[in-house]
Amino acid sequence: MTSDHRTAPPTVEATPFPYTVAARGLLENESRIAEPLPAAAQALLDGEYDNMLACVRCGLCLTSCPTFVVTGHESEGPRGRIALVRALVEGRIPLTDGLIDREENCLACDACTAVCPAGVKMEPIQVAVRAAIEIARDAGTAPSRGLVASAIRAVVLGWLFPSMPRFRAVVWLVWLYRASGLRSMARALGMVRLLGMRDADDLLPAFTPDFLVPEGQVYPAAPDTRDRAEVALFAGCVMSTAFGSTSHATVRVLQRAGCDVACPAGQGCCGALNAHAGDREGARALARQTIAAFEPGGDAPVVTNAAGCGAMLKEYGHLLADDPAWAARAARLSSRVRDVSEYLATRDLPAMGAIAEDTVVVAYQDACHLGHAQRITAAPRDLIRRIPGVTLRDLPDKALCCGSAGVYNVTHPEMARTLGDRKAEAVAATGATIIVTANPGCQLQLQASLARAGSRVKVMHLVDLLDAATAPGGRP
Ligand code: SF4
Ligand code: SF4
């Protein structure tokens, strides 16, 4: 897309609908920086311009959007966000604090994408606009984050996520913080609240270190397998460490489904958090690392147990589309990716046993990156329904994000808390004693929200439920 859609920056008053509706008020009392976007930022947004133009402003997405549902503001909904970023790319409005806020308030949950009749895809727009904002910040043409926030970003995105040895070391420290009693002491002394870290601290996972370290090992299929298959496991960063026991459970369930499960060395984080935080180059570097790690596996399905990772891996083709050396390799990797529920739906599992002595009511929460981004909603439910003694119930607001969205619940605690509280009420309305989901962030957010509500409902990953139900001899 050429930049001939750019015009000389006019005033807000001169901008026609739809820009005015979302932009009026947003630009009042703002620290305006009227310089044009840096060329690299403009090029990134130009790449999504056709996607933005597809929006016909019908508004069908509004009631699916969590931030619109909570605020009722046009500029906090998909239509407003698209209008704002389109006005920006056309040079009609400048990049201001208000515009950045509205875009960064988006959870990138893709609920709008899932219902849009015009085929607008919000995720790539958000990845592009956040990367463009960072480029403009680096160039000094967008309001800065401040030194502390910039330093934290640099450490987390540039130092922690690209290195699994460092990531594992930090997860060990988190475990030590809980296991040593330091956390209880810090909370009792009010230090956590004093530092403004209460919401983040509530989200810390409770786990026993049981890391799954991918070193090229292969876990063989169950001995009585008839229809043997090979798969490669994408272990991920959080799932292989803080959720290592769920990753081991994933291996066991795949083995029982007749799979030789390879864990290729050299893999690490998928890059989703980098992409959503505006570090597009960091995300692309992690994508290249992942692609190289899985290429020796030929065409074997790449199975993941984290909805966020699966959605990101399936986007590699788009993320690297403009890189001639990697575009085809990225598209090939994306075509191999399967969520674990999507893959298990194609396999024969052993007969399932009961998971409790009595009947049990289970509710299922669609992780946004599974339900909306990957459109996988039936497979997890079908698997749960096959467990004897289980009654499956849907949440009243099943399509609405729980507020997790990667690190959104750390960067936007108020909105995340509001959405989490709504979700806890929805869980209570089902009468379930177990709530199942398929993404680590959703699990932590649900646990924190239910704990705040004083609920005793147990939160489980789908695979842990299936592991219990398919365990030889049963594991009530
Ligand atoms: S549903 Fe699609 S076309 Fe309609 S307003 Fe939302 S993004 Fe635009
Ligand atoms: S991705 Fe989610 S939060 Fe963002 S505009 Fe769409 S529905 Fe709203």
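**Figure 1. Alanine 114 in the predicted model.** Alanine 114 is partly exposed, because 18 other C-beta atoms lie within 10 Å, a count that falls between the 12 or fewer of an exposed residue and the 20 or more of a buried one. The structure shown here and in the other views is a predicted model. Alanine 114 is located in helix α7. Arginine 375 is 261 residues away from alanine 114 in sequence, yet the C-alpha to C-alpha distance between alanine 114 and arginine 375 is 7.7 Å.

**Figure 2. The contact of domain 1 with domain 3.** The domain assignment of the protein chain lists domain 1 (12–138), domain 2 (217–267 + 292–344) and domain 3 (360–470). In this view, 14 residues of domain 1 contact 12 residues of domain 3. On the domain 1 side, the elements that supply two or more residues are α4 (66–71) and α7 (111–115). Helix α4 contributes the most to that side, with 4 residues. By residue class, the domain 1 side consists of 8 nonpolar, 4 polar and 2 charged residues.

**Figure 3. Helix α2 and its cover.** Helix α2 spans residues 39–46, and Ala41, Leu44, Leu45 and Asp46 in this helix are buried. The elements covering the buried residues of α2 include α3 (49–53), α5 (78–89) and α8 (122–138).

Figure 4. Glycine 216 sits in the loop that runs between α13 (198–202) and β1 (217–219). Is glycine 216 buried or exposed? Glycine 216 has 11 C-beta neighbours inside 10 Å and therefore counts as exposed, since the limit for that class is 12 or fewer. Leaving aside residues up to four places away in sequence, glycine 216 touches Pro264 and Ala265. Glycine 266 is 50 residues from glycine 216 in sequence and 8.5 Å from glycine 216 in space, C-alpha to C-alpha.

**Figure 5. Crossing of helices α14 and α26.** The axes of α14 (residues 244–256) and α26 (residues 462–470) come within 9 Å and cross at roughly 50°. The two helices α14 and α26 are therefore oblique to each other, and their crossing is left-handed. From α14, the residues in the contact are Thr246, Ala249, Thr250, Arg252, Val253 and Arg256, which meet Val463, Asp464, Leu466, Asp467 and Thr470 of α26. The residues of this contact divide into 4 nonpolar, 3 polar and 4 charged.

**Figure 6. Crossing of helices α16 and α19.** Helix α16 (residues 280–294) and helix α19 (residues 327–336) have axes that come within 10 Å and cross at roughly 70°. This angle makes α16 roughly perpendicular to α19, as angles of 65 to 115 degrees are placed in that class. The crossing of α16 and α19 is left-handed. Ala287, Ile291 and Phe294 of α16 make the contact with Arg329, Ala330 and Leu333 of α19. Of the residues in the contact of α16 with α19, 5 are nonpolar, none is polar and 1 is charged.

**Figure 7. The enclosed helix α17.** In helix α17 (residues 307–314), 8 of the 8 residues are buried, so α17 is largely enclosed by the rest of the structure. The buried residues are Ala307, Gly308, Cys309, Gly310, Ala311, Met312, Leu313 and Lys314.

Technical notes
Residues are numbered from 1 along each chain as its sequence is written. Chains are lettered from A and ligands numbered from 1 in the order in which they are written. This is a predicted model: local features need pLDDT of at least 70, side-chain atom pairs count only at pLDDT 80 or more; totals for chains, interfaces and linings use all residues. Two residues are in contact if their C-beta atoms, placed from the backbone, lie within 7 Å. Domain bounds come from an automatic or database domain assignment. Ala, Val, Leu, Ile, Met, Phe, Trp, Tyr, Cys and Pro count as nonpolar, Asp, Glu, Lys and Arg as charged, and the others, Gly among them, as polar. Axes are lines fitted to C-alpha atoms, for helices over the stretch in contact, and angles run from 0 to 180 degrees between N-to-C directions. Angles under 35 degrees count as roughly parallel, over 145 as roughly antiparallel, 65 to 115 as roughly perpendicular and the rest as oblique. A crossing is left-handed if the near helix is turned anticlockwise from the far one by less than a right angle, and right-handed if clockwise.
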